[in-house]
Amino acid sequence: MRHFRIFGKMIWGRYLLTSALQRCRCRMSCHVKRHYSFLPDDVKSLRKVVNPDISKIRNIGIMAHIDAGKTTTTERMLYYSGYTRALGDVDDGDTVTDFMIQERERGITIQSAAVTFDWKNHRINLIDTPGHVDFTLEVERALRVLDGAVAVFDASAGVEAQTLTVWRQAEKHHVPCVCFLNKMDKPAANLDFSIESIRKKLKANPVLLQIPVGTGKDFTGVVDLLTNQKLLWKTKSIGDDGRVFETKQLCQSDNPELLQEAKDARVALIEQVADLDDEFAELLLTDFADNFDAVPSSKLQEAVRRVTLARKGVPVLCGSSLRNKGVQPLLDAITAYLPSPSERHHDLVRWYKDDLCALAFKVLHDKQRGPLVFVRIYSGTLKPQTAIHNINRNTTERMSRLLVPFADQHVEIPSLTTGNIALTVGLKQTVTGDTIVSSKSSAAAAAQRAQSDCGTGKKRGEHASMILSGVEVPDPVFFCTIEPPTMAKQADLENALNCLQREDPSLKVRIDPDSGQTILCGMGELHIEIIHDRIRREYKIETHLGPLQVAYRETILQHVSTTDTLDRTVGERRHVVTVDLAVSPTVDNFSMGGSCDFAFKEEVQSELSAEMKEAVENGVHSSYLQGPLLGYPLQGVSTLIQSVTMEPGTSPAMVSACVSRCMLKALRSAGGQVLEPVMSLEVTVGEEHLSSVLGDLAQRRGSVRDIQSRHDNKVLLATVPLAEMMGYSTILRTLTSGNATFSLELDSYEAMNPQEQSTLLKKAAGLL
């Protein structure tokens, strides 16, 4: 028996040693930071995720500016819900959702990652999104399929540049939000400043539900204003994981200042909610007119939920994710205030009734499984080994397997119902933005129901109205050439680029018609750098990148009318067509939205057949893709087709060719103007370095719009041409000894001055 015990201890000791070695990251610091609170059997399996009623499902995203704490907050949520054994750290590169090598090396989120877990009988499908502007499409396509969002703020900085961008994206998709003021333990953290910045910059109505207990390093917890309870995290050791916290009612023995602050804040909360919710105001006036403070917390919580779902206000909570404080109340707020899928109404989905209707919003490539397609199920049930119909591609594919996503680890399941987010295997044609239904007949039946209900008939393209709106892909602003090491690798490179384009629709690849080179177009320097690195690591191709170039636009300056005739004999058939058209600049041609348009004169409209109209349209639009000066796409040009005459037997292709030739002739005569992308720049810098940063901006043709104060720092707002911002991060680091941060976002396209335009044209011609 004694020998058996000794043998048992040896086995257990060996198990502990093996576990420790597997977890070691070759950093001594990680032994201090990590805290293992579970035995192996205590970690929940994804197979045990609750599969509740649709009212208990929450599809949420975490969005914020760079380094506000999105991934750290996600990591704490997974830990406290029991799905991870240890607290991951962005600095250690061992978080669940940042699983790419590039993410772990840089300590940033590059692609959105989905995780599924449960919290208090609710199923939460959470997507952690990037904060960098280069990957803004990841946020866009995540918000398109989510029902709610958590906006994370750095409590010392309030609303920052990228916070504004992601907030606008959430508003565009009408997504209700909850705000989490993170990093309350920082010395410069300021609750009032953050609340005011949400009110002023986001034009939102913050509803404060918690106030902090202590400031800076003395931050120990929060006061819940709904229940008048103190939630305190008493850190006993450096490895304390924050799982256990103390909850107690506010009482007279507490700090008088805190008591008064909590009392005032609760009164303000009740008054604010009463202003925003009529039902709650009526309850106050009828049942609690003598004492507003006596209103039950449950009634106040219901009113806050109604205000949040109506997007009249945003609940605000506070905490410190890195210090493991305030995350559990945030999870409670997600389940209490954000909507379930049944509370979000999608008009189109109701026509499908119980038939399958889902939207593909992301594609990943797995070396073993092939393409993995993320889908959001809006109605019906998704099952593996079934055929599905893609309305956008008009194809039918067989889905082989169905998975629940958990970052880069997935668990196979037999079926998934309405309201959930799933990962499918076997869909080779489906891309981001495609609508998936059970069959062609179910789409036709849904279209029929919609038509009979609306009382309107559609003969052509009857299924078009049955497509869920996809994702808007922004235009790239940077491009460069990419070349394989040898011609033998050209096919491998093309395959790699095809896979990456399918994963990332903001990446564009085209072939230069003159040189035959492959051109890579992306959203910024970091975006192209990451793509290059992925090609090297994942596809084992050592490619060479050419110098980064800016994606300019072109427009015209004058109104010009011109005529052109095409007379060509092909075989025994003679094609003769004469086109008369006019081009002119539109009023808003220098703005972001100055798109090109065209129209027919009324008499031409009635004379031409539908086929010939389409041919003319194709000719005009193909001319808009290449401007007369440098071949960049045109912007802010209006075309009027004044007459089109042709002899019988002329083919539509010849009509298109004649229109294109006539357009080029008109555009060359109209005086070309190059438009350059101008970026909105925000630099946060110490006052001692402000003058050197301003001097550098002046050399970059920058225009300063405002200089604001944020605690001990200055926030510089400016507009700068993108062409002048190459390698700016290195220069800024040098100027400020690494003590400044900046963010860039496309603001508008503006006309280049004649001197800069002349220099650009000479460079393009090889004269400089």
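Reader: Which residues form the negative surface patch?

Author: The model is predicted. In such a patch, like charges are joined within 9 Å. Here the negative surface patch consists of Asp192, Glu257, Glu261 and Asp264.

Reader: Which helix gives the most to the negative patch?

Author: That is helix 8, spanning residues 256-276, which contributes three residues. Asp264 has its place in helix 8.

Reader: How many aromatic pairs does a search of the whole structure find?

Author: Eight aromatic pairs are found. One of them joins Tyr83 and Phe406, with 6.4 Å centre to centre and 40° between the planes. Planes under 30 degrees apart count as stacked and those over 60 as edge-to-face, so the remainder are tilted. The pair of Tyr83 and Phe406 is accordingly tilted.

Reader: Where in the chain do Tyr83 and Phe406 lie?

Author: Tyr83 belongs to the loop between helix 3 (70-80) and helix 4 (101-106), whereas Phe406 is in strand 16 (residues 401-406). The pair links distant parts of the chain, 323 residues apart. Tyr83 is buried, at 6% relative accessible area, and Phe406 is buried too, at 11%.

Reader: What angle lies between the planes of Phe479 and Tyr632?

Author: The angle is 55°, at 6.4 Å centre to centre, and this pair is tilted. Phe479 sits in strand 20 (residues 478-483), and Tyr632 in the loop between helix 16 (610-624) and strand 29 (637-646), 153 residues apart. Both Phe479 and Tyr632 are buried. Together with Tyr552, Phe479 and Tyr632 form one aromatic cluster.

How values were computed. Residues numbered from 1 in each chain as written. Predicted model: local features only at pLDDT ≥ 70, side-chain atom pairs only at ≥ 80, totals over all residues. Heavy atoms only, no water. Patch = residues over 30% accessible without salt bridge, like charges linked within 9 Å, V, L, I, M, F, W, Y side chains within 5 Å. Areas by Shrake-Rupley, 256 points an atom, 1.4 Å probe, with all protein chains shown as cover. Salt bridge = Lys/Arg side-chain N within 4 Å of Asp/Glu carboxyl O. Lys, Arg positive; Asp, Glu negative; His and termini not counted. Charge placed at Lys NZ, Arg CZ, Asp CG, Glu CD. Helix = DSSP H or I, 4+ residues; strand = E, 2+ residues; numbered from the N terminus. Phe/Tyr/Trp six-rings, centres within 6.5 Å; stacked < 30°, edge-to-face > 60°. Buried < 20%, exposed > 50% of the residue type's maximum accessible area, 1.4 Å probe, protein only.
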